Amino acid sequence: MFAYSNALIIWLFFVIYISSVVTFSFLMSVIFKKSSTAGNIGSLIFFITILPYNKLNDDFYAFPYVIKALYCMIVNTNMGQAIHIALDMESNEKGVRFSNLFERDIDLKFSFGELLIFMIIGSIIQLLLTNYVERVFPGEYGIAEPFYYPIKPLLIYLKKRGLLNRKSAWIN
């Protein structure tokens, strides 16, 4: 199927995709506390994430770059777009190689390498959301952090320096 492509790049793409799917699963596991609910609704959401690729693929070339980037943070839409670009490069007998990894497609104005980067960024965002939800809503056996816990050290620093209003009693 990928006769002209570098096998290492294709393998790397699927490893990054699998990592993105795992981080998506982590996120679903902390959002839904019951495993049966997480499995059912998480699977449904996972399969729904391919719909933007199916519905918007024909108009993808017309989107601004920022919209394309946000669109490609979704795990399955990114995978569909990357395979689309890889198959286009295969049909042109170029394949995906290190030499053309960041070569933009004429119509899409997007490269395979950019899609890999967006998939990695999407995975990192999913991990950060997983960590945040798990700390703020720990379930029945954990101690909940305040919703502002990521910036709590900054708030404490500002309070010690006298740069924060003294009426902010909710900061310890």
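Met73 sits in the loop between H4 and H5, where helices (H or I, at least four residues) and strands (E, at least two) are DSSP runs numbered from the N terminus. This is a predicted model, in which local features need pLDDT of at least 70, side-chain atom pairs count only at pLDDT 80 or more, and totals for chains, interfaces and linings use all residues. Residues are numbered from 1 along each chain as its sequence is written, and side-chain values use heavy atoms, with hydrogens and water left out.

Which residues does Met73 touch, not counting residues up to four places away in sequence? They are Phe118, Ile121, Gly122 and Ile125, with contact meaning heavy atoms within 4.5 Å. Arg97 is 24 residues from Met73 in sequence, and their C-alpha atoms are 23 Å apart in space.

## The nonpolar core

The largest nonpolar core has 31 residues, and those with the most contacts inside it are Phe13, Cys72, Val96, Phe110 and Phe112. Such a core is a set of buried Ala, Val, Leu, Ile, Met, Phe, Trp, Tyr and Cys residues joined through side-chain atoms within 4.5 Å. For burial, the scale runs from buried (under 20% relative accessible area) through partly exposed to exposed (over 50%), using a 1.4 Å probe and protein chains only. Two or more residues of this core come from each of helix H1 (7–31), helix H2 (35–48), helix H4 (65–71), helix H5 (75–91) and helix H6 (112–136). H1 gives the most, with eight residues.

Leaving out residues up to four places away in sequence, Phe13 touches Met79, Ala82, Ile83, Phe112, Leu116 and Met119.

Thr130 is found in helix H6 and counts as buried, at 11% relative accessibility. Beyond its neighbours within four places in sequence, Thr130 is in contact with Thr23, Phe26, Leu27 and Val30.

Leu101 belongs to the loop between H5 and H6. Is Leu101 buried or exposed? With 12% relative accessibility, Leu101 counts as buried. Once neighbours within four places in sequence are set aside, the contacts of Leu101 are Ile9, Val96, Ser111, Phe112, Gly113 and Leu116. Gly162 is 61 residues from Leu101 in sequence and 51 Å from it in space, C-alpha to C-alpha.

## Salt bridges

How many salt bridges does the model hold by this rule, a side-chain nitrogen of Lys or Arg within 4 Å of a carboxyl oxygen of Asp or Glu? The count comes to three. One of them joins the side chains of Glu134 and Lys33, at 3.7 Å from N to O. Because Glu134 lies in helix H6 and Lys33 in the loop between H1 and H2, the pair ties together parts that are 101 residues apart in sequence. Glu134 is partly exposed, with a relative accessible area of 33%, and Lys33 is also partly exposed, at 49%.

Glu114 and Arg104 form another salt bridge, with their closest N and O atoms 2.7 Å apart. This pair links distant parts of the chain, with Glu114 in helix H6 and Arg104 in the loop between H5 and H6, ten residues apart. Glu114 is buried at 9% relative accessible area, while Arg104 counts as partly exposed at 46%. Lys94 and Glu103 also form a salt bridge, and their closest N and O atoms are 2.7 Å apart. Lys94 is partly exposed, at 37% relative accessibility, and Glu103 is partly exposed, at 39%.

## A positive phi angle

If you like checking backbone torsions, have a look at Glu93. Its phi is near 60 degrees, a positive value in a residue other than glycine. Glu93 is placed in the loop between H5 and H6 and counts as exposed, at 57% relative accessibility.

## The largest pocket

The largest pocket has a volume of about 240 Å³. Here a pocket is an open set of points on a 1 Å grid over the protein atoms alone, where a 1.4 Å probe fits, with protein on both sides within 12 Å along at least five of seven lines. Grid points are joined across faces, edges and corners, and the volume is the space filled by probe spheres set on the points.

The lining of this pocket holds 14 residues, of which Asp88, Asn92, Asp105, Ile106 and Asp107 lie nearest its centre; a lining residue has an atom within 4 Å of a point. The lining divides into five nonpolar, three polar and six charged residues. In this grouping, Ala, Val, Leu, Ile, Met, Phe, Trp, Tyr, Cys and Pro count as nonpolar, Asp, Glu, Lys and Arg as charged, and the others, Gly among them, as polar.
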